[in-house]
Amino acid sequence: MSKQNTQLPEVQFSDEGSIRHLHLDSIWIQGSIDTRDPNRLVHEYIQRMMAWTLFVEPDTVTRRQALQLGLGAGSLTRFCAKVLRMKATAIELNPGVLHACRGWFQLAVDTARMKVILGDAAQEICKPEWLGAVDALQVDVYDREAAAPVLDSPEFYADCHRLLTDEGCMTVNLFGRSSSFTRSVDRIAAAFGREAVWAFKATREGNTVVLAQRTPSRPARAVLAERAEIIQTRWGLPAPKWLRGFKPVHEH
């Protein structure tokens, strides 16, 4: 990933009604915002990156910490900080993406609750202050071609595993022409254990969100359904719909 520092892509945006899209020097959408409702998560796969909320008591969410690898249009960072009222930090390699989020995507300046670190995520997550400190790790790291995840090695997922609290979860967006769902899941399972890995069915756009738990659990469907209703009522996320296509990977 560090080799990209020498030639980072230019950042552009395009508008489609009230929806503004972020691009990295290509047609591929790297994130979006509804300019009339900035806190809304526009894309289905981005909403699914919040599925970790199913595995914790809803009343504990505000006391938890989220970490995003890849800022995109700032949607997840903003949602965690503004809607869930969590502490949220994003790590972004490209300064142009941060400038775009500040100028075009209504991302506020750093506060005690919400901040952006410019740097290489693979290196940043190895720093001691993150170890065992992250409740929600959200990984969505792509280059300008969006052909496959930039960070997708067994070593990277092992580093991610070390970040999480006991109840912590990692969610990963798997997408792209050169990506392999099976290969990525095998690498995640090598770090987390296969019994800890859950996955959604792919969205219409081809995004598959995978979730891995630091501590594997199998909550009863009734518990998940009850939490899903709370998540939808409290934060506007379509969690009851998630449960129809969200299963441990060995059941897919």
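I began with Gln-12, which stands opposite His-23 in β2. I worked from a predicted model, in which local features need pLDDT of at least 70 and side-chain atom pairs count only at pLDDT 80 or more, while totals for chains, interfaces and linings use all residues. Residues are numbered from 1 along each chain as its sequence is written, and side-chain values use heavy atoms, with hydrogens and water left out.

I noted the terms before going on. Strands (E, at least two residues) and helices (H or I, at least four) are DSSP runs numbered from the N terminus. Two strands pair if DSSP finds at least two bridges between them.

Strand β1 (residues 11-16) is joined to β2 by six bridges, and the two run antiparallel. Their hairpin has two residues between the strands, and Gly-17 takes a positive phi near 65° there. On β3, I found five bridges to β2, again in the antiparallel sense. Arg-20 has Ile-33 in β3 as its bridge partner.

Entry 2, positive phi. I looked up Asp-25, which is not a glycine but has a positive phi of about 55°. Asp-25 is in the loop between β2 (19-24) and β3 (29-34), and this hairpin has four residues between the strands. The relative accessible area of Asp-25 is 39%, which is partly exposed. Gln-106 also is not a glycine and has a positive phi of about 55°. I placed Gln-106 in the loop between α3 (95-104) and β6, and Gln-106 is partly exposed at 43% relative accessibility.

I read off eight strands in the order β6-β5-β4-β7-β8-β10-β9-β11, with mixed pairing. Which strands stand at the edges? They are β6 (114-118) and β11 (246-248), each with a single partner strand, so one side of each has no neighbour in the sheet. The twist averages 20° from one strand to the next; axes are lines fitted to C-alpha atoms, for helices over the stretch in contact, and angles run from 0 to 180 degrees between N-to-C directions.

Strands β7 (residues 134-139) and β8 (residues 164-174) run parallel, joined by five bridges. Val-134 stands opposite Leu-164 in β8. Helix α5 (residues 154-163) packs on the sheet and touches β4 (65-69), β7 and β8 (contact means heavy atoms within 4.5 Å). The direction of α5 makes about 145° with that of β8.

A nonpolar core is a set of buried Ala, Val, Leu, Ile, Met, Phe, Trp, Tyr and Cys residues joined through side-chain atoms within 4.5 Å. The largest has 49 residues, and Met-50, Trp-52, Leu-54 and Leu-84 have the most contacts inside it. Leaving out residues up to four places away in sequence, I found that Trp-52 touches residues including Val-61, Leu-84, Met-86 and Leu-211. A second, separate core of 30 residues includes Val-134 and Phe-156.

Last, I checked Arg-234, whose charged end sits over the ring of Trp-235, 5.6 Å from its centre. This counts if NZ of Lys or CZ of Arg is within 6 Å of the ring centre and within 35 degrees of the ring normal.

Note on methods
Buried means under 20% relative accessible area, exposed over 50%, partly exposed in between (1.4 Å probe, protein chains only).
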